[in-house]
Amino acid sequence: MKILLLGGNGFIGRRLSARLIEAGHELSAPSRAELDLARPDRVWAVWLDGTEAVANLAGAFRQGRSGGLEAVHHHGPLRLAGLAKKYGVRRWVQLSALGAAPDAATLFLASKGRGDAALLDGGLDVAVARPSLVYGADGASSRLLMRLARLPLWFLPDGGRQPIQPVAAADVAEGLHRLIEGRMRGAVDFVGAEETTLADYLRRLRSLQGMGPIARVHALPVWLADGLASCSGRMPGSLLDRDSLRMLRQGSTADPAAFAALLGRSPVSFRQFGEAI
């Protein structure tokens, strides 16, 4: 197929791009400067001529300029999908996030959810991938958690008891590849085989770095965690802000059965990270 891949230079995009090229697909992967979903442009049509499928992995975590998340996750993809439909594109695969919903409590998940809903109702053959926390050595969140795991003392919100279900980046790329080549419609939760807690996940990441067990996990008071998130949120590029703390507190888990069916095997467990990744 001739495939338009948005976000092809990103953490997941690089893995998916390599898989698609190896499978013999013809790939167009414009940079954000060439096709910015937040800035509608008539030249978008150039990328759609002859295209059979669109894989949209473009996204943002922070609001940035006013309306930025809504533009990148909702309005921009919907405009591009409308144009794609005119050019005869039928298949659209969207990378979203676990917990995305139009009425979600955070702007990130709500904008993702509104975009997903609009695309699923837009007349194209749409599949939406909703991954949980993604593990990969070159991922920004993984690097942050690896650094945190190395600290001699851990001060975590609620003592790190939040439920999470990390998924391997390689599994996410494989799942997206299968969605692009397949006919499945609707949303699929991309999660690892096992649930854990933030503290136990950090213990695993600490072990992967050849370090001994942490003696004790200290619970960070709610007021202090909120204050740190508020201050950190003012720093450009920070992954910690009020919304990310809120998402951590609500947890990130799901039934892995649908993802396992898509892969044709069980997804990798966080206990296998470093062995099978």
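Colleague: What covers the buried residues of helix 4?

Modeller: The cover includes strand 6 (134-135), strand 7 and helix 6 (198-208). Buried here means under 20% relative accessible area, exposed means over 50%, and partly exposed lies in between, with a 1.4 Å probe and protein chains only. Helices (H or I, at least four residues) and strands (E, at least two) are DSSP runs, numbered from the N terminus. Please note that this is a predicted model, in which local features need pLDDT of at least 70 and side-chain atom pairs count only at pLDDT 80 or more, while totals for chains, interfaces and linings use all residues. Residues are numbered from 1 along each chain as its sequence is written, and side-chain values use heavy atoms, with hydrogens and water left out.

Colleague: Which residues of helix 4 are buried?

Modeller: In helix 4 (residues 140-150) they are Ser142, Leu145, Met146 and Ala149. They cover an arc of only 105° around the axis, so they lie on the same side of helix 4. The arc is that of the directions from the helix axis to the C-beta atoms.

Colleague: Why would residues three or four places apart point the same way?

Modeller: An α-helix has 3.6 residues a turn, so residues at that spacing point the same way.

Colleague: Next, helix 8. Which of its residues are buried?

Modeller: Ser244, Leu245 and Met247 are the buried residues of helix 8. Their arc around the axis is only 160°, which puts them on the same side of helix 8. They pack against helix 3 (107-120), strand 7 (154-157) and helix 7 (222-232).

Colleague: And Arg246, what does that residue touch?

Modeller: Arg246 belongs to helix 8 and touches Ala105 and Thr106, not counting residues up to four places away in sequence. With a relative accessible area of 35%, Arg246 is partly exposed.

Colleague: What follows helix 8?

Modeller: Gly251 follows helix 8, and its phi is positive, near 85°. Ser252 is in the loop between helix 8 (242-250) and helix 9 (257-263).

Colleague: Is Ser252 buried or exposed?

Modeller: Ser252 counts as buried, at 17% relative accessibility. Beyond its neighbours within four places in sequence, Ser252 is in contact with Leu98, Ser132, Leu133, Pro163, Ile164 and Gln165.

Colleague: Which residue has a positive phi although it is not a glycine?

Modeller: Asp158 does, with a phi of about 55°. Most residues other than glycine have a negative phi. Asp158 is in the loop between strand 7 and strand 8 (163-164) and counts as partly exposed, at 41% relative accessibility.

Colleague: Where is Arg130?

Modeller: Arg130 is in strand 5 (residues 125-131) and is buried, with a relative accessible area of 17%. Leaving aside neighbours within four places in sequence, its contacts include Asp116, Asp189, Phe190 and Leu98.

Colleague: And Ala60, where is its place?

Modeller: Ala60 is in the loop between strand 3 (53-56) and helix 2 (68-86). At 23% relative accessibility, Ala60 counts as partly exposed. Ala60 is in contact with Leu69, Val72, His73 and Phe108, leaving aside neighbours within four places in sequence.

Colleague: Stepping back to the whole chain, how many helices and strands does the protein have?

Modeller: The protein has 9 helices and 12 strands. Its radius of gyration is 19 Å, close to the 19 Å that the globule rule gives for 277 residues, so the protein is as compact as a globular protein of that length. The radius is taken over C-alpha atoms, and the rule is 2.2 Å times the number of residues to the power 0.38. The C-alpha trace spans about 60 × 40 × 30 Å along its principal axes.

Colleague: How many of the 277 residues are buried, as a percentage?

Modeller: Buried residues make up 48% of the 277 residues. Among contacts between residues at least 6 apart in sequence, 79% join residues at least 24 apart.

Notes
Contact means heavy atoms within 4.5 Å.
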